[in-house]
Amino acid sequence: MIIVIYDEYPFFINTIVTKEVLHGVFPNTLTDTQKQYLQTIFNEVMFINNYWINIKETMYELCEKHKYTKIVAPRETDLLLAAELRDKYEIKGQTLKSAMCFRDKVLMKTILEKSNIRVPKFQLIKSHSDIDDYLKKTNNTYPVVIKPTRMSGARSVTIIKSYNEILEWLTKYDFNSNDWEIEEYISGDFFHVDGLIQDGNIIAIWASKYVTPIAEISYDKLDCDYIIPHDHILLKPLCLFAENVMKELQLYSQYKLRSAFHMELFYSNNKEIVFCEVASRVGGCKLHEGWYRAFDIDLYEQHINLSMDYEIKVKQPVRPKLLVGALRIPAKLGTIIRIPHVLSEDIKGIDGYLCYHSTGSSIVDLQTADGFSVNLIFSFVTGTDENELLTNLENFKKWFYDNTLIL
């Protein structure tokens, strides 16, 4: 008997093929159509109010009632709960110790630093004095980065350039709502490395590059990352670095992963690769679709298969069929006077254009209730090589900003 938990509509559900009994727990905010469809797939399905408040209690009640053989929990925010339940009820899958290594940013860097893998200078902070202590040890070197130890998607990440900004940060955040860390700011390019790992062995891996570092993204500096070409000078070094990270974290946790992974790395101005963070799940922003377009590998489908304990046969990609990037333009405060709802036929290399806001609507907050950035649009950007992809991106940017007005 398998249970699936997900805080939105589980779009991946059609990829699950099993003869085992399926249970599911999802938020009650799904549409009636979505609920009716899920009821045709699951033997038992629950739609709960206030998902984030009630999911833990609900899951403990279900685990007391049923003998589950697997817990499928693809979202990063559910990883620790799923692992905790596996440990308590002796369910096969990622342990809590392993999940912590891929969730807690201070823990993962502590492990890797001891293994001589380059990480930023960092420190857990639980008070103002901890910040002062870090600054003293690093000779008051700015910028620094303050971020939660267990959040995803760059939520609440702040780049701080002076002590006055430290004081300003202290007026906005507290040490009760989250665990925080302060770390060295690494100047340079930003990459992510993604792949699949089966029984501790990486079976598929590739790197992508961010056009703008995540923490610096804004309306004027759009959010875009793209799969790098097979002959990129950093592809092999980045992948080798990522393999070493995965090896060390698995050794520490004494658990061989069966999952996708998503790792973020810096390539500094000093020409060294520096670890940022890693998660034992699929990267967001439709990364799995980008991989499918480039390699015919759906990371989400295979991640679910691995969670179900299936053996998968995926070959290491040799080269992408097409360079593919995910493109998002964050919102800015104001009223939308005009915005293109349909892509111009003159714009090349842009696919799947979605505009999320209508003319006349007002944007009063740049973040959603759960802390993610509010975006104006989403699209894929493609190219046969890196120059073509970046040219297509620049042409799209000019067209979009020329035809958008927010006051």
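Colleague: Where is aspartate 309 found?

Modeller: Aspartate 309 sits in the loop between helix 10 (299-307) and strand 14 (323-330), helices being DSSP runs of H or I of at least four residues and strands runs of E of at least two, numbered from the N terminus. This is a predicted model, in which local features need pLDDT of at least 70 and side-chain atom pairs count only at pLDDT 80 or more, while totals for chains, interfaces and linings use all residues. Residues are numbered from 1 along each chain as its sequence is written, and side-chain values use heavy atoms, with hydrogens and water left out.

Colleague: Why is aspartate 309 called partly exposed?

Modeller: Buried means under 20% relative accessible area and exposed over 50%, with partly exposed in between (1.4 Å probe, protein chains only). Aspartate 309 has 28%, so it is partly exposed. Its phi is also positive, about 75°, although aspartate 309 is not a glycine.

Colleague: Which residues are linked with Asp309 in a network of salt bridges?

Modeller: Lys92, Asp199, Arg258 and Glu311 are linked with Asp309 in that network.

Colleague: What makes lysine 147 and glutamate 183 a salt bridge?

Modeller: The term asks for a side-chain nitrogen of Lys or Arg within 4 Å of a carboxyl oxygen of Asp or Glu. Here the closest N and O atoms are 3.4 Å apart, and the pair qualifies. Lysine 147 lies in strand 6 and glutamate 183 in strand 8 (residues 180-184), so the bridge ties together parts 36 residues apart in sequence. Lysine 147 counts as buried at 4% relative accessibility, and glutamate 183 counts as buried at 2%.

Colleague: And lysine 321 with aspartate 296, how do you know what to call that pair?

Modeller: Their N to O distance is 2.9 Å, and the pair is a salt bridge too. Lysine 321 counts as exposed, at 55% relative accessibility, whereas aspartate 296 is partly exposed at 46%.

Colleague: Why is helix 6 called roughly antiparallel to helix 7?

Modeller: Helix 6 and helix 7 (residues 163-172) pack at about 160°, with axes 12 Å apart. Angles under 35 degrees count as roughly parallel, over 145 as roughly antiparallel, 65 to 115 as roughly perpendicular and the rest as oblique. That makes helix 6 roughly antiparallel to helix 7. The axes are lines fitted to C-alpha atoms over the stretch in contact, with angles running from 0 to 180 degrees between N-to-C directions.

Colleague: Which residues of helix 6 meet helix 7?

Modeller: His128, Ile131, Asp132 and Leu135 do, contact meaning heavy atoms within 4.5 Å.
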